[in-house]
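Reader: I would like a close look at one part of this model. Please take me through the place where the ligand sits.

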Amino acid sequence: MGTIIAVVSGKGGTGKTSFTASVALSLAAMGHRTLALDCDITLRNLDMALGLSDSSTMDFSDVLSGRCRLSEAVAQHRRYRQLDLLAAPLSGHNDGFDMNRMVSLGREIRENYEYCLVDAPAGLGHGFALATAIADRVVVITTADPTALRDAQRTVSALRHFPNGKLHLVVNRVQLKMLKALRTNIDDAIDAAGAPLLGVVPEDSDVPLAIGRGVPLRDMNYFAQRAYDNIARRITGERVPVMKVYPLMKP
Ligand SMILES: Nc1ncnc2c1ncn2[C@@H]1O[C@H](COP(=O)(O)OP(=O)(O)OP(=O)(O)O)[C@@H](O)[C@H]1O
Ligand SMILES: [Mg+2]
């Protein structure tokens, strides 16, 4: 039985899509059969972050409505064959998706994949509800700035029903020059959000560049991707010290 992990945030633009794409590719590169599910209805861009722009002709709404099967709706990654993408619909009402059907889709995903990462839209709306309704675990992505931290705290509060050990925090865009101050902020983030830290991802200009070039980050980068790889290893149960990310940051 596979594990479904929803990737959420309160504030927009904290790095959910970059995280989902990079960690899904890490898991696939490790040999795990993985699904990247885009739940950001109408604004989808997980395909770009995976280097699979416009490769999908069908999306999860086609599966929910019974127009096609899960296996027919997914697009297999051309290079990382263990990874499939299930796209979000480009149109449609956010709240027009049936929660019970989504939960059944979740069951089918668990039967067919070892891991599924769900890229949620920002905030606590219907897309968030869909993504977290099918999830076994949730990762809240935040940056270290105060507004993102406050929104992360609200998000964690909305997810209190998840049992201990199933709710995690990732602090993204950590900068070397702010490291000293940020260590306090990261501790603050864990305290404030009340969720254990799954990992820290450094600020890295290759993250936006990868999308611009239409290639996955892991095909062009070592720094941020190494942090995503560490997180993927932790997801599979390996013990990887969080602080190992710091020496990997670009000078
Ligand atoms: N570690 C990083 N270093 C540098 N830039 C980053 C990093 N992570 C994300 N970014 C950049 O921040 C921007 C937002 O990232 P991304 O699209 O992944 O966020 P998001 O949370 O999915 O946004 P939205 O809420 O709009 O869906 C992008 O331009 C991305 O390239
Ligand atoms: Mg996004």
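Author: What follows starts with the chain as a whole and then turns to the ligand site.

This is a predicted model. The chain has 251 residues, and 55% of them count as buried. It is built with 10 helices and 8 strands. Take the contacts between residues at least 6 apart in sequence: 77% of them join residues at least 24 apart. The accessible surface of the chain is about 11000 Å². Carbon and sulfur atoms account for 49% of that surface.

Now the site itself. Ligand 1 takes up the space of the largest pocket. Around ligand 1 there are 17 residues. The nearest are Gly 13, Lys 16, Thr 17, Ser 18 and Asp 204.

Two of these names return in the polar contacts. Start with Gly 13: one of its polar backbone atoms is 2.9 Å from an oxygen atom of ligand 1. Ser 18 uses its side chain, where an N or O atom is 2.6 Å from an oxygen atom of the ligand. Pro 208 takes part through its backbone, with a polar atom 3.3 Å from an oxygen atom of ligand 1. On its own, ligand 1 has 640 Å² of accessible area, and the protein covers 80% of it.

Which elements supply the shell? Four of them each give at least two residues: the helices α1 (16-29) and α9 (206-213), and the strands β7 (167-174) and β8 (197-202). Helix α1 supplies the largest share, 3 residues.

Note on methods
Residues numbered from 1 in each chain as written. Chains lettered and ligands numbered in written order. Predicted model: local features only at pLDDT ≥ 70, side-chain atom pairs only at ≥ 80, totals over all residues. Heavy atoms only, no water. Helix = DSSP H or I, 4+ residues; strand = E, 2+ residues; numbered from the N terminus. Buried < 20%, exposed > 50% of the residue type's maximum accessible area, 1.4 Å probe, protein only. Contact = heavy atoms within 4.5 Å. Areas by Shrake-Rupley, 256 points an atom, 1.4 Å probe, with all protein chains shown as cover. Near = heavy atom within 4 Å. Polar contact = N/O pair within 3.5 Å; in protein donor to acceptor, adjacent residues only side chain to side chain. 1 Å grid on protein atoms, 1.4 Å probe; cavity = no way out; pocket = protein on both sides within 12 Å on 5 of 7 lines; lining within 4 Å. Sits in = over half its atoms within 2 Å of the grid points.
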